[in-house]
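Please look through the structure below with this report beside it.

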Amino acid sequence: MIKASNVYKTFKTPGRRDVKALVDFSTDIKKGEVVVIIGPSGSGKSTFLRCLNRLEEIDSGDIIIDGVNINDRKVNINKIREEIGMVFQLFNLFPHKTVIENVILAQTVVRKRSKNKASEVARGLLKKVGILEKENVYPSQLSGGQQQRVAIARALAMHPKIMMFDEATSALDPEMIGEVLDVMKTLAREGMTMVVVTHEMGFAKEVSDRVVFMDEGQIVEEGTAEHFFTNPTHERTKLFLSQIL
Amino acid sequence: MAFNKRSLITLGILAIITVSIYYFFTGKGITYIWHWEKIPEMLFYHGAKSADDPIVRLRMGVLMMGFVLTLKISIASTFFGIIIGTIVGIARLSKEPVTRGLSLAYVELIRNTPLLVQIFMIYFFVGSMLRLSAFAAGTAALSIFAGAYVGEIVRAGIQSIHKGQMEASRSLGMSYAKAMRHIILPQAFKRIIPPLAGQFISLIKDSSLVSIIALADLTFQGQQAVARSYYTFEIWFTVAFLYLIMTFTLSMATQYIERRLAISD
């Protein structure tokens, strides 16, 4: 489903040292697979996600999604993005639109669904993430956990083939992390292809097919969550896990 | 409590100013015979206009005609100013260097030259080439002038929107244009209402400069009326009051819009 090969990405800021975010990065993600990416901050986890829908342009290498090289000049990136839902650390709900409008908008302007059809889809998804009763309020009136669940519904409304989560629970108060993780777990069990950047090892253990540990733009170690809990091989991995567990 | 100590002090100061103005005009410093009774007919009168138009009916006086023209030119240039400003504001943030450079040149050129000179240039130079009427030339000059300022306000507004908004929109498959239209600009405009209101209030007042190209706006009509009648104070006070009606209404309207849009905060 997703095939990244030899991807390089360096952030260049004038006057500062170049930051190598991805160095010869390669991985394969199969349809229906749930991949959890962990690693210290600055290790390139988020950059990898952002390269998958071209919020960042890669310097070299190939990213093939569903058989399409997304960095090909002829590719309409908006068409690719319709198929890849993304959930952000800071939710990024549209504050001038109500909850249901947030979920409807892209369906109507991108997928060209009728308003009725879009509302129907939106209500179904808001019900699924357990927030239907708030459909007519503005995001500012919701808690962080509620906002993030709306953001997930908004991404799902496009009926994407892949869902990406970029530290979706990192900005939440501890007591709200559970409600968001529950929604993500449900999705995982339904067979959604998911790429999840997170520090929630509990989530990784429960639903992930594979855990990837990244450092300095490269994969240091990968395996099942079980492997990471029982016998991680690299020193770097052990050190990192000892800090987050 | 509505009236506290501070409001009483303010009221006291206002009272002193009012009394001073009264003595200034009625005291020995100046002898001026007021003819306020001549003002209403400059606003509205009942009668015939001339031999060519002898129908007796309620007609607009010169000041009211000027008021209407100022209103028209202000509305037209506000409208075009917003359009130009939005385009320029977006162009200023373009990744494409030519677009960015041209929009910057426009802003700098217009902001750093006097409006009066711009009006002259557009009326006498561009206007005579394209055979523009004084109204069209005046509207064009004011729109181009407002567009430069509005452009900078719009740019600041767009830049003030968190970049996550654009990223979220794009990640849902929206094109740059759709994201701008549905997500970024609505939020930016909400945020820039106060500076925009200030800009357009200025524009209404700046529109008095078009009187220089013989456009019969409120200021022009006021000048003419003073020259004919010598009721200098009465006419200029009335002119100022008529401008105040326009600017104050705009001020109130924008505050209303601001309150309306605040529901999502």
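## Helices α5 and α6 of chain B

In this predicted model, helix α5(B) and helix α6(B) form a right-handed crossing, where right-handed means that the near helix is turned clockwise from the far one by less than a right angle, and left-handed that it is turned anticlockwise. Their axes come within 9 Å and cross at roughly 135 degrees, the axes being lines fitted to C-alpha atoms over the stretch in contact, with angles running from 0 to 180 degrees between N-to-C directions. The two helices are therefore oblique to each other (under 35 degrees is roughly parallel, over 145 roughly antiparallel, 65 to 115 roughly perpendicular, and the rest oblique).

From α5(B), Leu115(B), Gln118(B), Ile119(B), Ile122(B) and Tyr123(B) meet residues of α6(B) that include Ala134(B), Leu142(B) and Phe145(B), contact meaning heavy atoms within 4.5 Å. This contact divides into 11 nonpolar residues, 1 polar and no charged (Ala, Val, Leu, Ile, Met, Phe, Trp, Tyr, Cys and Pro count as nonpolar, Asp, Glu, Lys and Arg as charged, and the others as polar).

## Helices α3 and α9 of chain B

The axes of α3(B), residues 62-92, and α9(B), residues 218-229, come within 7 Å and cross at roughly 160 degrees, and these helices are therefore roughly antiparallel to each other. The contact, which includes Phe67(B) of α3(B) and Arg228(B) of α9(B), has 6 nonpolar, 4 polar and 1 charged residues.

## One helix of chain A

Helix α9(A), residues 235-244, has Thr237(A), Phe240(A) and Leu241(A) as its buried residues (buried is under 20% relative accessible area, exposed over 50%, and partly exposed in between, with a 1.4 Å probe and protein chains only). Seen down the helix axis, these buried residues fall within an arc of 95 degrees, so they line one face, while the face turned away from them carries the exposed Glu235(A) and Gln243(A). Among the elements that cover the buried residues are β3 and α7 of chain A.

## Two residues with positive phi

Phe91(A), in the loop between β6 and α3 of chain A, has a phi near 65 degrees, and with 11% relative accessibility Phe91(A) counts as buried. Arg131(B), in the loop between α5 and α6 of chain B, has a phi of about 55 degrees although it is not a glycine, and at 75% relative accessibility Arg131(B) counts as exposed.

## How to read the values

Residues are numbered from 1 along each chain, and chains are lettered from A and ligands numbered from 1 in the order in which they are written. Local features need pLDDT of at least 70 and side-chain atom pairs pLDDT 80 or more, whereas totals for chains, interfaces and linings use all residues, and side-chain values use heavy atoms, without hydrogens and water.

Conventions. Helices (H or I, at least four residues) and strands (E, at least two) are DSSP runs, numbered from the N terminus. The arc is that of the directions from the helix axis to the C-beta atoms.
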